Each structure stands twice: as structure tokens, then as C-alpha cells.
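Biologist: Let's look at this one together, and please take it slowly for me.

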Amino acid sequence: MNSTAKGELDDGGESSRRRRRLPDELDDWQGARRWWQPRGVARRRRWYGGVSGGGLVPGDESSFGRSCLAGGERQEGRISKRFGLCFRGGKLPLFPSAPSTNEQPRSAQHGGGGGGGAAHRLHRSQVMLDGLMGDQERHRILMVSDFFYPNFGGVESHIYYLSQCLLKLGHKVVVMTHAYGNRSGVRYMTHGLRVYYIPWRPFLMQNTLPTFYGTLPIMRTILVRERITLVHVHQAFSTLCHEALMHARTMGYRVVFTDHSLYGFADVGSIHMNKVLQFTLADVSQAICVSHTSKENTVLRSGLPPEKVFVVPNAVDTAMFTPAPENPRSNDEIVIVVISRLVYRKGADLLVEVIPEVCRLYPHVRFVVGGDGPKRVRLEEMREKHFLQDRVEMLGAVPHSRVRSVLISGHIFLNSSLTEAFCIAILEAASCGLLTVSTRVGGVPEVLPDDMVVLAEPDPFDMVRAIEKAITILPTIDPQDMHKRMKKLYDWHDVARRTEIVYDRAMKCSNQNLLERLTRYLSCGSWAGKLFCLVMVIDFLLFRLLQLVQPAIDIEEVPDMAMSLGEGSSAGDHIPGQSSR
């Protein structure tokens, strides 16, 4: 490849854009074809280092790193200075996009509050995706959280499955999270889900160090590159979530916040977190909670108007979590399964007291404990103290691909959490046909019907009585019937459709100017309100400075990819990676 071609690739194709701009009157696909084709195949080969069979290959591997297909995802090296992309394999439609003349994406310029701007240019892939949506508005969504694959938990699976279902509904979804180990840059997952692993490292419980303004430049670049119209942030104790919410509102984007956890009001940590939540949610467009208990908790902590908070539950991929083909149950042995992070919040200390008592009362009961954490030492000591090595099996961290195989080996699922907003784990267990015994905390009583779960107070004696009750009703449980009921009760596609309604409501919210927004922050407290206003004013000034230093028109936009999505496939097909449960 010659040096000119390499230079065009290294700056993201920006030199070619400067030489040949799209005309302003170009607003149809036929015009796009006429603009794209004059230089023919030779020009495209010079850009991408050769085209073979319709597949695009990187023209300069020293710049972009080696592209490969591994682990169920398409990866593409380190993130470049302008997040330049190159593709290998697959016939992906890739067409140049017209330069933007406004900070807001062009699709937002035709909606409320987006302001005027250049005429809306349609790409071929946009036309294909619009066909999936019909007359319904198609959103371009950026999911932001510190918690995503390869880490695994309730928030991570929620973002993944929701993104997959939104893609199937015709929306564009992009995920932004921090780097995990050597996983930094831009990666592609199932159905073309694009994930930006920004070069920020976690410092505490998978959270990045708060920088206030450090993420503003890179987030602005992603928003403009992807022509995002709406930002969806997840989890109250995610640092990246709060910074993204603040920057997105400064840039005029609508923001939806989803809270996945419950918090207290008395301890020092909760008091500080609730004040931060009150600040960041003062200007949020709409909010989502996963249960009615979680909604009440969020409204009390943040001061949000209840009419701005929606309840959209989690769901389970019933195609992945199915009962055993044949019922392995017998009257000789009952297996109780525990799969959880072994930490205080998950009630690991309760297990230390409950397991020996149940083993004493029922000699034919055996426990299988999956998960890892700081409380694992206490469980190991309990097993040694009561000589239960042959009746309590410790599996350690369980990969997500093995969770089902562990669940179907048992008869009862035990959840001992001290606080839960929803608890996806009991959905997975019920989908596999297990009777659930759980503590009556948070939103757990809202999750399953009464005949599928036995609830108990977070007390060792009450939990032992609940397990005794579960053992007596166990012969009446039909795993296949329970699985069929779960398929009707919880579906990720239904969650995505309900989330769409929240997105539509958020896009109808008025886009207020800075002075109108500052009045909301002033109401957060006598001194805290003034401090929050100062933070937002500085953020606004830095945003204006970025517009001068790097105008939006100089940021190369990413072409859309129209992926073929099977109608009959499950919500997320297969999640690559491991679980830390």
C-alpha cells in the first residue's frame, strides 16, 4: 500500500473528506450512489487495502492492530486517536457520511429541541434499518455504565440483553464502559453491538476514579461519531454513569437513568451517595426502576417527581435456562443450590448459620454453593467445623455458561440476600424449574407468584422454617410447567418494548437552556446547590472550549451497519465470557 493510502486510513479518512465534500442538496440514496461510485473500485481498494469477496480488510495493521474473530465477538485492536475503525470479514455496508454542521446529530436536528442544521442525509444502511421500524421513530442509543462484559452480574446482563432486543427492534445501540485488563478500544459483539472500552481503569469495585470532566472529550467524540440521539445510563454507584449523565445534559442530549439497586438513608456512605444522586438526577429526562420498591426508594433518595419514574422489570432468557430433559429427582436426596457472590450484602453470613441447622434436621439434604468472594472463608470454616465436607460442595466462581448445569442439578434454589431491587438469579432458577426460597427483602416479593417461591425474613430460624416448608411442597412442583409460565411472565423483548415507551417520552421533554437548568440544581440545597451550579457551569465552559478546539464537523462519523437479525432467535443468543458468581 502506498503512503497516501496509509495516511487516509490513519486519520480516519478525513483527508479524503476534505478533498471531496458531499453537496448540500444530497438527500437521497440515488445521489449517494452517484457521489460514491465515480472513482470506482480502485478508490475503495486504496482506502481499505483491497476488497476480496465483499469483505473489508484493514489497510494498515500497524496503525489499527490486527482484526480477528474470537470469543464470539469481532474485535479491532486499540482505540485510535479518532476511534478509526477497520473491518474484516462479512459483507458490511460501509458508506461515507456527510459532515455535521451542528453539535447535535442530524437525526436530532429534525426533532424537538435539536436546533436547525444541515439537511438530513440518508445512508443506505439507515434506509435498511428504517424499514425494520416502519413509521416508528428510530432511536440512536448510547448505553453507559462501569459494569459490562467481561464482568458479569445483574446490571451487565440487563444492558446486554436489552441492547440486543433494541437492535432487533431496529434501533441503533452503542455501549460505553471502561477498559477491562487489556480489553481497551472498540469491540463488536453479537448482532453488531459496538462497545467502546475507553482507556479508564477501575480502582474500586469495578468503578473508575471520579474525574468530573476527564471523560468529557472522549464522550463527546463518541456521541458525535455515532450520531447519538439519546443516552441511557445504568446503576447509581457507577462513576461513569454519573459523569456521562452530566456531560450528556450539558451537550443537550436526552438522558434516561436506570437504577438497579436499593440504598439506605442512615449510614455515611448512603448519605453521600444520595446527595450525588440528587445532583445528577436533577436534570434527567426520565428514569427507570426495576421494581416498585426500587421506584419508591429512588424517588425518596433523589427527589425525582414520581411521574418521571417508570417501572420496567428485568427478565430472563428462557431459551438458555431450561429444565433438565428428564426429572432427576428422587426421594433419597434433595439438593439445595446457592449461586451468588459471597459477600455481606448477599447474605453469606446467614448461610453460615442456616446450612448446619438444615443438615442436622434433614440427613438427606445436600448443598451446592457456587460463587466467590471475601465471605467464602467463613463458609469453608463452617464446613470444617461441622464436618460437612461430603454434604456441602464449594464450586467457587461459576462461568455463566455453566450456571444452568449447576441449577438443574438441584431441586431448591436458596437466595439469602439482605437487599435486592429485583434479583435476576431467582428468575434463572425458576426458569430451570427450581422451587425458590428467598429472603423477603426489597423487590423480591414482586418477582415470582406465591406458588413458585417461599419467602422468609432475613433471620436464620425463619429461613430454616422456609426451607422445611419448601421440602414438604417439593413433590408438587412440575419443572416443565414452571418453565412455561416463566416464558409468559418474563421476556426481554417485552422489556425492550416497554423501554421504547420511556425513550419516546424522554425525546418529548423540552430541551432547556443553561440558566433554566441551573435553577434545578439550586434547589438541591443551600450550599450544595451552589456547588452543583458551579460544577455545571465549568462543564458547560469546557464543552464550549472543545467546540472551538475540535468542531463537530471535524469528527469523522461512523457508518451504520445493517445486520440481519433472526426473528426466531433468543434475546441475546449467547453471551461470551465468564461469570464472577
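Biologist: In strand 20, which residue is the bridge partner of Thr439?

Modeller: The partner is Ala456, where a strand is a DSSP run of E with at least two residues, and a helix is one of H or I with at least four, both numbered from the N terminus. This is a predicted model, in which local features need pLDDT of at least 70, side-chain atom pairs count only at pLDDT 80 or more, and totals for chains, interfaces and linings use all residues. Residues are numbered from 1 along each chain as its sequence is written, and side-chain values use heavy atoms, leaving out hydrogens and water.

Biologist: How many bridges join strand 19 to strand 20?

Modeller: There are 4, between strands that run parallel, with strand 19 covering residues 435–439; two strands pair if DSSP finds at least two bridges between them.

Biologist: And what order do the strands of the sheet come in?

Modeller: The open sheet has 6 strands with parallel pairing, ordered 17-16-15-18-19-20. Strand 17 (392–396) and strand 20 (453–456) are the edge strands, each pairing on one side only, and from one strand to the next the twist averages 20 degrees.

Biologist: Switching to helices, which strands does helix 13 touch?

Modeller: Helix 13 (residues 348–361) packs on the sheet and touches strands 15, 16, 17, 18 and 19, contact being heavy atoms within 4.5 Å. The direction of helix 13 makes about 155 degrees with that of strand 16, where angles run from 0 to 180 degrees between N-to-C directions of lines fitted to C-alpha atoms, for helices over the stretch in contact.

Biologist: Where does helix 16 lie?

Modeller: Helix 16 lies across strand 18 and strand 19, and runs at about 175 degrees to strand 18.
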